[in-house]
Amino acid sequence: MIEQCKLIEFPQKGDDRGHLVIVEGNHDIPFDIKRVFYIYGSDKNVIRGKHANYYTEFVLINVAGTSKVKVDDGTNQKIFCLDRPHIGIYLPKMVWKDMYDFSKDSVLLVLASEHYDENEYIRDYSEYLAIIRNC
Ligand code: TYD
């Protein structure tokens, strides 16, 4: 599953007036966007995320600043750096994710394939391992 976590480069239509980055649901990313949220003001030592989702797929984009995303499928781990506003990372359902190492100016935009439902979040890592290993 970890191989499904991929950096995506979005089309840019910038000109002498400035940059413009395009992210269209079902086109530049592989799902319909049902929810958008963004995270900013997190200290360097904060680790966010620490969960997996039964159904939701995500795309994370540092539209300002930088952060790191560690993904884990119960067997393999991989670290991605988000450091450009036209690059996102696609995360499939059922991957464990940590977001950390936020720069002071980090604004992490998150696009999600589902509306928020706390019941589809797995927030306990040992529970996650038990579920993923029985799949
Ligand atoms: P949390 O899942 O801890 O955020 P992250 O994983 O991005 O660090 O969410 C923090 C709080 O916000 C928690 O009480 C749930 C709530 N929340 C919503 O109500 N809707 C949402 O879309 C999200 C992402 C969180």
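**Notebook: rings, a sheet and some charges**

I started at Tyr116, which is partly exposed, with a relative accessible area of 46%. For my own use: buried means under 20% relative accessible area, exposed means over 50%, and partly exposed is in between, with a 1.4 Å probe and protein chains only. I am working on a predicted model, where local features need pLDDT of at least 70, side-chain atom pairs count only at pLDDT 80 or more, and totals for chains, interfaces and linings use all residues. Residues are numbered from 1 along each chain as its sequence is written, and side-chain values use heavy atoms, with hydrogens and water left out.

**Entry: aromatic rings**

How many aromatic pairs does the structure hold? I found 7. Rings of Phe, Tyr and Trp (its six-membered ring) pair if their centres lie within 6.5 Å; planes under 30 degrees apart are stacked, over 60 edge-to-face, and the rest tilted.

One of the pairs is Tyr54 with Tyr55, which is tilted, at 6.3 Å centre to centre and 45° between the planes. Tyr54 is partly exposed at 30% relative accessibility, while Tyr55 is exposed at 56%.

Back to Tyr116: its ring and that of Tyr121 have centres 5.3 Å apart, and their planes are at 55°, so I note this pair as tilted too. Tyr121 is buried, with a relative accessible area of 11%.

I also noted that Trp96, Tyr125 and Tyr128 form one aromatic cluster.

**Entry: the open sheet**

Next I traced the strands. Helices (H or I, at least four residues) and strands (E, at least two) are DSSP runs, numbered from the N terminus. Two strands pair if DSSP finds at least two bridges between them.

In what order do the 5 strands of the open sheet lie? I read S6-S5-S8-S3-S10, with antiparallel pairing. The edges are strand S6 (77-82) and strand S10 (121-122), each pairing on one side only.

Walking in from S10, I saw that strand S3 (residues 48-53) pairs with S10 in the antiparallel sense over 2 bridges. Ala52 has Ile122 in S10 as its bridge partner. S3 is also joined to S8 by 3 bridges, again antiparallel, and there His51 stands opposite Lys97.

On to S8 and strand S5 (residues 67-72): the two pair in the antiparallel sense over 5 bridges. Lys70 stands opposite Asp98 in S8. Is S8 mostly covered or mostly open? I make it mostly covered, with 4 of its 5 residues buried. A reminder to myself: in a regular strand the side chains alternate between the two faces of the sheet.

Asp73 is in the loop between S5 and S6. I counted Lys and Arg as positive and Asp and Glu as negative, leaving out His and the chain ends. A salt bridge is a side-chain nitrogen of Lys or Arg within 4 Å of a carboxyl oxygen of Asp or Glu. Asp73 is buried yet has no salt bridge; Arg133, the nearest side chain of opposite charge, is 7.9 Å away.

What does the side chain of Asp73 reach? I found the backbone nitrogen of Asn76 at 2.7 Å, and also the backbone nitrogen of Thr75 at 2.9 Å. Not counting residues up to four places away in sequence, Asp73 touches Met1, Ile2, Tyr128 and Ile132 (contact means heavy atoms within 4.5 Å).

**Entry: salt bridges**

I got 6 salt bridges for the structure. Among them, Arg17 meets Asp15 at 2.6 Å, N to O. Arg17 is exposed at 75% relative accessibility, and Asp15 is partly exposed at 36%.

Lys68 and Asp101 meet at 2.4 Å, N to O. Lys68 lies in strand S5 and Asp101 in the loop between S8 and S9, so this pair ties together parts that are 33 residues apart in sequence. Lys68 is partly exposed, with a relative accessible area of 24%.

I looked up Glu118 and Arg123 as well, and their side chains meet at 2.8 Å, N to O. Glu118 is partly exposed at 34%, and so is Arg123 at 43%. Salt bridges that share partners join Lys44, Lys68 and Asp101 into one network.

**Entry: positive phi**

Asp101 came up again: it has a positive phi of about 55° although it is not a glycine. Its loop runs between strand S8 (96-100) and strand S9 (107-112).

Asn26 is not a glycine either, and its phi is positive, about 60°. I located Asn26 in the loop between strand S1 (6-9) and strand S2 (35-40). Asn26 is exposed, with a relative accessible area of 52%.

Terms used. A polar contact is a pair of N or O atoms within 3.5 Å; within protein, one must be able to donate a hydrogen and the other to accept it, and residues adjacent in sequence count only if both atoms are side-chain atoms.
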